[in-house]
Amino acid sequence: MTAQLPLRAGPPGTPGPGPRAGAAVIETTALSKRYPGAVTALDGLTLQVEPGITGLVGANGAGKSTLIKILLGLLPPSSGQAAVLGLDCVREGQQIRALTGYMPEHDCLPPDVTATEFVTHLGRMSGLPPTAAKERAAESLRHVGLYEERYRQIGTYSTGMKQRAKLAQALVGDPRLMLLDEPTNGLDPAGRSAMLDLVARIGSEFGISMLVSSHLLGEVEQICDMLVVIDGGRLLRADSMTSFTQVSQVLLVEVDEGIAELAAELAARGLRPRQEERALLVQIASAATYDEVRDTVADLGLPLHRLEQRRRRVEELFREETA
Amino acid sequence: MTAENGALAGAGGVIHDIGYRRYTGPRLGRPAIVRALVWYSLRSSVGIGRGAKAKIIPVIAFAVMCLPAVANAVAVAQGGHRVVPYDTYIFQLRVLIMIIFVAAQAPELVSRDLRSHVLPLYFCRPLRRLDYPLAKLTAFILACLALIEIPLLLLYLGTIAQAGGPSAIWDQTRALIPGLLIGLLWAVLLASIGLALASLSGRRAYATGSIAIYFFLTWILAGLLDSVSGGRGPVTGGLGPATAGARLSGLVSPFTTLDGVRQWLGGRSRGPIPPPGGYGPLYGVMFLLLLAAALGLLVARYRKAAIS
């Protein structure tokens with residue numbers, strides 16, 4: 001399958017060692033991965049990811065983790081190509097891993113060492129000299145908000161703190177790209193939004209590109225510049241968030257009574273309303289839509305309760321698209 | 001607060017965060033990373049950088065292993081000759097200490113990481129798939145080597161301290177070198193088997209148990225086979241020629257295999273098994289087989305772990 005994406009940047013760079021300027025952060029062409037036993041994890045995935053924060057959304061088992069492993073050069077694809085920062089995932093995996101920070105989905109922290117020791121050690125494993133590893137570990141832990149607790153054993157951390165420590169180890173090597181696999185996993189709503197804020201900050205203020213996987217669309221859409229949606233190993237849609245919002249402006253109209261009457265009248269005027277619980281949603285075509293809706297309510301003499309412009313959640317769009 | 005910061009604050013905002021700084025220093029390549037992992041693992045295999053509890057077994061093992069060397073130094077100082085051989089050291093003691101050390105410390109190196117699923121954090125870094133197990137193995141061989149060879153060196157120093165003249169020192173040195181080489185064979189084989197068995201389980205207790213059981217059972221079995229096949233037991237009074245069964249019985253245990261290799265290569269001191277005679281090369285083959293099996297298991301284990 002192919003997908004024509006509007007996100008294409010400049011022409012693909014010339015092959016060679018080191019990250020290539022101007023190249024897409026992630027680029028895959030007809031990427032497939034089949035596991036023994038006829039399990040297809042990725043099926044002809046073609047996509048391009050530009051610098052910024054990109055959400056990788058799909059249900060559990062959609063192929064998100066498989067894609068991340070291929071991108072890190074840890075899993076050979078069955079067919080197709082993949083490149084990260086202009087480096088080939090099969091041949092140049094080691095260089096890719098030197099420039100990439102990875103936060104695994106599952107628990108991956110030893111309980112009996114302090115966060116400082118652990119992150120310092122992993123900084124060494126990312127290729128930092130001893131002193132630099134110590135400094136970068138302290139700084140990474142400060143950025144994720146664990147500076148005060150950095151000398152505590154990780155086993156004493158809460159789930160939220162552990163997720164932050166996982167983020168810190170991905171950040172310690174000063175990567176160009178971070179691959180975060182379900183960073184909000186296991187967190188409560190407050191922890192989720194704190195983690196998302198942190199990811200958004202690292203992505204926007206630190207200038208590090210991010211690929212954030214999640215099975216919850218509503219979650220990553222808050223922080224992403226781009227969204228890649230995969231389903232059953234296939235690309236469902238890849239687009240910038242702005243292009244999603246362009247088509248997703250709706251007007252919500254709520255009346256105390258006579259909702260059926262209003263729906264009929266709006267439909268008659270060609271506005272195609274859609275009922276959602278006790279309100280009607282009307283696609284905003286132009287500024288005239290507001291007047292049209294206001295006039296309709298006034299003409300019918302209905303008690304208007306609420307009239308608001310709303311950005312439709314991307315989730316709803318996909319529900320429509322896949323339905 | 002400096003004047004500059006004050007000015008900034010006055011200009012419309014207080015800067016609390018010094019912001020993100022990119023790393024511009026040197027980045028080390030894979031060989032340096034592997035060396036760092038070897039060093040880190042070597043430290044943890046002897047309990048450095050861990051709590052006091054983690055140091056108990058390495059420290060006790062080392063102290064006990066040094067006792068014969070100390071006793072020898074005392075004996076030599078009182079006018080006697082060297083009482084401990086270089087090639088076997090005190091065999092039973094060395095077996096016991098090595099079983100305890102390997103069973104206790106091999107899981108420290110690999111089982112902890114398996115238990116807490118740390119491996120993906122290594123594999124996502126600029127290392128190749130087998131760098132991790134090979135670095136761990138190198139570190140553990142070095143730890144075992146230190147435990148075996150340092151007492152030998154103490155034995156040597158304690159002996160030559162009282163030696164009369166360069167020729168006596170030269171004699172001692174010539175006797176020491178084969179002993180050090182045999183010690184190297186011990187360290188390589190036992191560390192490999194220990195790590196391979198430990199890598200099968202993330203649970204420390206299981207890992208320790210399986211190593212201890214394997215080493216003890218095969219060790220006892222070798223002694224048993226030696227006895228039932230006539231050995232140097234009551235029949236010959238330990239002096240007559242050993243039966244073929246007794247000569248082969250050492251092949252079942254890594255420790256007696258190591259001793260078979262020692263005797264085959266010309267070690268003179270009396271060991272736990274009768275001299276293998278013509279079966280000597282078999283012990284060499286067995287040594288290589290055990291080593292190959294352990295390394296194969298270790299490699300297979302981490303090849304699988306890398307992609308899961």
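This is a predicted model: local features need pLDDT of at least 70, side-chain atom pairs count only at pLDDT 80 or more; totals for chains, interfaces and linings use all residues.
Residues are numbered from 1 along each chain as its sequence is written, while chains are lettered from A and ligands numbered from 1 in the order in which they are written. Local features need pLDDT of at least 70 and side-chain atom pairs count only at pLDDT 80 or more, whereas totals for chains, interfaces and linings use all residues.

**Exercise 1. Identify the residues with the most contacts inside the largest nonpolar core.**

Step 1. A nonpolar core is a set of buried Ala, Val, Leu, Ile, Met, Phe, Trp, Tyr and Cys residues joined through C-beta atoms within 7 Å. A residue is buried if 20 or more other C-beta atoms lie within 10 Å of its own, exposed if 12 or fewer, and partly exposed in between, with C-beta atoms placed from the backbone.

Step 2. The largest such core has 149 residues, and those with the most contacts inside it are A:L71, A:V228, B:A106, B:F140 and B:L195.

Step 3. Apart from this core lies another, of 10 residues, including A:V250 and A:L262.

**Exercise 2. Describe the side of chain B that touches chain A.**

Step 1. Two residues are in contact if their C-beta atoms, placed from the backbone, lie within 7 Å. Chain A contributes 28 residues and chain B 27 residues.

Step 2. Helices are DSSP runs (H or I, at least four residues), as are strands (E, at least two), numbered from the N terminus. On the chain B side, α2 (30-45), α5 (119-123) and α11 (280-307) give two or more residues; α2(B) gives the most, with five residues.

Step 3. Ala, Val, Leu, Ile, Met, Phe, Trp, Tyr, Cys and Pro count as nonpolar, Asp, Glu, Lys and Arg as charged, and the others, Gly among them, as polar. This side has 17 nonpolar, four polar and six charged residues.

**Exercise 3. Determine whether A:D174 and B:H117 count as buried or partly exposed.**

Step 1. A:D174, which is not a glycine, has a positive phi of about 50°; B:H117, also not a glycine, has one of about 55°.

Step 2. A:D174 counts as buried because it has 23 C-beta neighbours inside 10 Å. B:H117 counts as partly exposed because it has 16 C-beta neighbours inside 10 Å.

**Exercise 4. Assign the residues of strand β13 (279-283) of chain A to its covered and uncovered faces.**

Step 1. In a regular strand the side chains alternate between the two faces of the sheet.

Step 2. A:L280 and A:V282 form the covered face, and A:A279, A:L281 and A:Q283 the uncovered one.
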